[in-house]
Amino acid sequence: MSVTDKLTSRLPVLGDRGERKDVVAVVKLHGVITPSPSPLARGSINLATVETALTRAFGYDRLKAVALLINSPGGAPTQSGLVAERIRQLADEKNVPVLAFAEDVAASGGYWLACAADEIFAHRTSMVGSIGVISGGFGFTGLLERFGIERRLHTAGANKSRLDPFSPEKPEDVEWLKKMHGQLHDLFVDWVKERRGDRLDAAEDLFTGDVWLGQKALDLGLIDGLGSLRQIIGERYPDAEISVAEPKKPLLARLGIGAPAAATALLDAVTTKAAWSRFGL
C-alpha cells in the first residue's frame with residue numbers, strides 16, 4: 001500500500017458520522033415574565049428572549065419531544081400568551097409532543113406557559129396554579145405634601161391620567177382596573193380550560209388565584225403526573241439524548257460589558273424579588 005493510500009484510509013468518510021440518536025430538546029423558561037428585561041438579564045421571560053431557544057429546540061433532527069423546564073412566578077399576561085402561542089405553533093408545525101416540568105413554581109403566567117404543553121409534570125413540592133390576575137403600585141400623595149412638592153399634570157382626555165401614583169386614587173379608576181382584571185382573568189380561565197379540558201376537576205373552583213403543591217395539583221387535574229424531567233424523559237424516551245436549547249446571550253453580555261446602572265439594577269432586583277416573594281421564595 002502506498003503512502004497516499006495509507007493516509008487516505010485514515011480519513012473519515014464524508015457523511016459517515018455514526019448512528020444518529022433521537023433527541024429530546026429542553027427549553028428553560030426561568031424567571032419573571034416581563035416585556036422589558038434588563039439588557040444583561042438572563043432570568044426573565046418574553047418572546048424576544050426565548051425565540052431563539054424555541055426555534056433551536058424544535059429544529060433538531062430526529063426530534064422526539066420538546067420539554068419545557070419552568071420555574072416562574074408569572075408576570076406580564078401578554079408575554080405569557082405570546083410565548084405559549086409560539087410554543088403551540090412550533091409544536092403543530094413539527095408534530096412533536098411538548099412536556100412541561102414545573103420546578104419550584106409554575107404559577108400565574110408560569111402556569112399559563114405550562115398549559116402550552118400536552119402534558120404537565122411537577123415535583124411533589126412544586127407550587128402550581130395561581131390562576132388569577134394581580135397588579136400593584138404605590139401612592140405618593142402624602143409624600144409630596146410632606147416635602148412641599150406640587151404635582152403639575154396636564155392631559156388631553158379625561159381618563160389619560162388614570163391611576164397616577166402622585167394623584168389621589170379615584171373610585172372610578174379602581175372600578176375600571178377591576179373590570180380590566182376581570183377580562184384578563186376570563187382569558188386566562190378560557191386558556192386553561194382549552195388546554196386541560198376534561199382533566200380538570202369540575203367539582204373544584206380552580207380559578208380563585210390559589211396555588212397548590214404537586215400532589216394536590218395532580219388531584220385537581222392541573223398537572224398530569226409527579227416526577228422530574230430526567231425521570232420522565234428517561235422512562236418515555238430511554239434511547240434519546242437530552243439536549244438543552246440555549247437562547248442567545250443579551251448583546252451587552254456578549255460584549256463583556258459589566259452590570260447596568262445601579263439604580264436600574266436595584267429596581268430590577270426589587271421587582272423580581274417581589275414577584276418571587278409571593279410564593280415564599
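Guide: In this predicted model, the length of a helix can be checked against its residue count: the 26 residues of α6, at 1.5 Å a residue, should span 38 Å, and because its end C-alpha atoms are 37 Å apart, the two values agree. Just after α6, glycine 197 takes a positive phi of about 55 degrees.

Visitor: Which residues of α6 are buried, and what covers them?

Guide: The buried residues of α6 are Asp173, His181, Phe188, Val189, Trp191, Val192, Arg195 and Arg196, and the elements that cover them include α3, α4 and β6.

Visitor: Is arginine 88 buried or exposed, and what is it in contact with?

Guide: Arginine 88 lies in helix α3 and has a relative accessible area of 14%, so it counts as buried, the cut-off being under 20%. Beyond its neighbours within four places in sequence, arginine 88 is in contact with Val98, Ala116, Asp118, Trp191 and Arg195, and of these Trp191 and Arg195 are themselves among the buried residues of α6.

Visitor: What does leucine 222 touch, leaving out residues up to four places away in sequence?

Guide: Leucine 222 touches Tyr111, Ile120, Val128, Ile131, Arg196, Leu200, Leu206, Trp212 and Ala217.

Visitor: Turning to the strands, how does β4 pair with β1 and with β5?

Guide: Strand pairing is read from the direction and the bridges: β1 and β4 run parallel and are joined by eight bridges, while β4 and β5 pair in the parallel sense over six bridges. Leucine 69 in β4 is the bridge partner of lysine 28, and phenylalanine 101 in β5 is in turn the bridge partner of leucine 69. Together with α3, the strands β4 and β5 make a right-handed β-α-β unit.

Visitor: Why can β4 be called largely enclosed by the rest of the structure?

Guide: Nine of the 10 residues of β4 are buried, so the strand is largely enclosed by the rest of the structure.

Technical notes
Residues numbered from 1 in each chain as written. Predicted model: local features only at pLDDT ≥ 70, side-chain atom pairs only at ≥ 80, totals over all residues. Heavy atoms only, no water. Contact = heavy atoms within 4.5 Å. Buried < 20%, exposed > 50% of the residue type's maximum accessible area, 1.4 Å probe, protein only. Helix = DSSP H or I, 4+ residues; strand = E, 2+ residues; numbered from the N terminus. Pairing = 2+ DSSP bridges. Right-handed = clockwise from strand over helix to strand, strands pointing away. Expected span 1.5 Å × (residues − 1).
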